[in-house]
Amino acid sequence: MTAPAPTSAADVRRLALSLPGTTEAPHFDRAAFRARRIFATLPRDGTAANLRLSPEDQAHWCALLPAALRPVPNGWGARGWTEVLLDRIDLVDLETILQRAWLDAGGRMDERPLRGAT
């Protein structure tokens with residue numbers, strides 16, 4: 001059995017922007033993806049993404065995939081922000097976790113894009 005292919009920054013961007021109502025904008029030195037609140041950030045080097053999870057989801061996913069996820073090592077980590085190492089996570093897990101972060105940030109499946117938004 002072959003190991004799943006690692007994911008990339010392009011995968012994070014594509015998956016995040018496929019979620020209804022999501023927008024991308026610069027946030028300091030990163031790209032930020034927002035529903036009602038920011039739920040993911042992506043640094044320029046594209047090696048990892050930071051996702052905003054509930055503390056319970058963070059504990060669950062970090063225990064389930066310890067080689068791929070870890071709390072951000074500062075006060076943000078205590079609030080649920082979680083670093084995802086993209087070369088250590090498969091696309092299915094990334095999509096599942098990203099959707100969870102999006103829902104926690106106020107994403108809704110019935111949301112329509114803003115008029116004039118691309």
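**Exercise 1.** Determine whether asparagine 50 is buried or exposed, and list its contacts outside the local sequence.

Solution. Step 1: the relative accessibility of asparagine 50 is 13%, so the residue counts as buried. The cut-offs are under 20% relative accessible area for buried, over 50% for exposed and partly exposed in between, with a 1.4 Å probe and protein chains only. The model is predicted, with local features needing pLDDT of at least 70 and side-chain atom pairs pLDDT 80 or more, whereas totals for chains, interfaces and linings use all residues. Residues are numbered from 1 along each chain as its sequence is written, and side-chain values use heavy atoms, without hydrogens and water.

Step 1: asparagine 50 belongs to strand S4. Strands (E, at least two residues) and helices (H or I, at least four) are DSSP runs numbered from the N terminus.

Step 2: once neighbours within four places in sequence are set aside, the contacts (heavy atoms within 4.5 Å) of asparagine 50 are Arg30, Phe39, Ala40, Thr41, Val72, Trp81, Thr82 and Glu83.

**Exercise 2.** State how many helices and strands the chain has, and give their order.

Solution. Step 1: there are four helices and six strands. Step 2: along the sequence their order is α-β-β-β-β-α-β-α-β-α. Step 3: of the 118 residues in the chain, 42% are buried. Step 4: among contacts with a separation of 6 or more, 55% join residues 24 or more positions apart.

**Exercise 3.** Find which residues of helix H1 are buried, how they are placed around its axis, and what covers them.

Solution. Step 1: the buried residues of H1 are Ala9, Asp11, Val12, Leu15 and Ala16. Step 2: looking down the H1 axis, these buried residues fall within an arc of 155 degrees, so they line one face of the helix. The arc is taken over the directions from the helix axis to the C-beta atoms. Step 3: the cover over the buried residues of H1 includes strand S2 (30–34), strand S3 (38–43), strand S4 (48–52) and helix H4.

**Exercise 4.** Classify the crossing of H1 and H4 and identify the residues that make the contact.

Solution. Step 1: H1 spans residues 9–17 and H4 spans residues 91–104; their axes come within 10 Å and cross at roughly 45 degrees. Axes are lines fitted to C-alpha atoms, for helices over the stretch in contact, and angles run from 0 to 180 degrees between N-to-C directions. Step 2: H1 is therefore oblique to H4, the class left over after roughly parallel (under 35 degrees), roughly antiparallel (over 145) and roughly perpendicular (65 to 115). Step 3: H1 contributes Asp11, Val12, Arg14, Leu15 and Ala16 to this contact, and H4 contributes Leu91, Leu94, Glu95 and Leu98.

Step 3: consider threonine 96, which also lies in H4. Threonine 96 has a relative accessible area of 36% and is partly exposed.

Step 4: glutamine 99 is another residue found in H4. With a relative accessible area of 34%, glutamine 99 is partly exposed. Glutamine 99 and phenylalanine 39 are 60 residues apart in sequence, and their C-alpha to C-alpha distance is 9.4 Å.

**Exercise 5.** Identify the buried and exposed residues of helix H2 (residues 55–64) and what covers the buried side.

Solution. Step 1: Asp57, Gln58, Trp61 and Cys62 are the buried residues of H2. Step 2: their arc around the axis is only 120 degrees, which puts them on the same side of H2. Step 3: Glu56 and Ala63 are exposed, on the face of H2 turned away from the buried side. Step 4: strand S5 (69–71), helix H3 (75–78), strand S6 (81–85) and H4 are included in what covers the buried residues of H2.

**Exercise 6.** Describe two loop residues, isoleucine 89 and phenylalanine 28, by place and accessibility.

Solution. Step 1: isoleucine 89 sits in the loop between S6 and H4. Its relative accessible area of 3% makes isoleucine 89 buried. Step 2: isoleucine 89 and alanine 68 are 21 residues apart along the chain, and their C-alpha atoms are separated by 5.6 Å. Step 3: leaving aside neighbours within four places in sequence, isoleucine 89 has contacts that include Ala5, Pro6, Leu65, Ala68, Val84 and Ile97.

Step 1: phenylalanine 28 is in the loop between strand S1 (23–27) and S2. At 75% relative accessibility, phenylalanine 28 is exposed. Step 5: phi of phenylalanine 28 is near 55 degrees, a positive value in a residue other than glycine.
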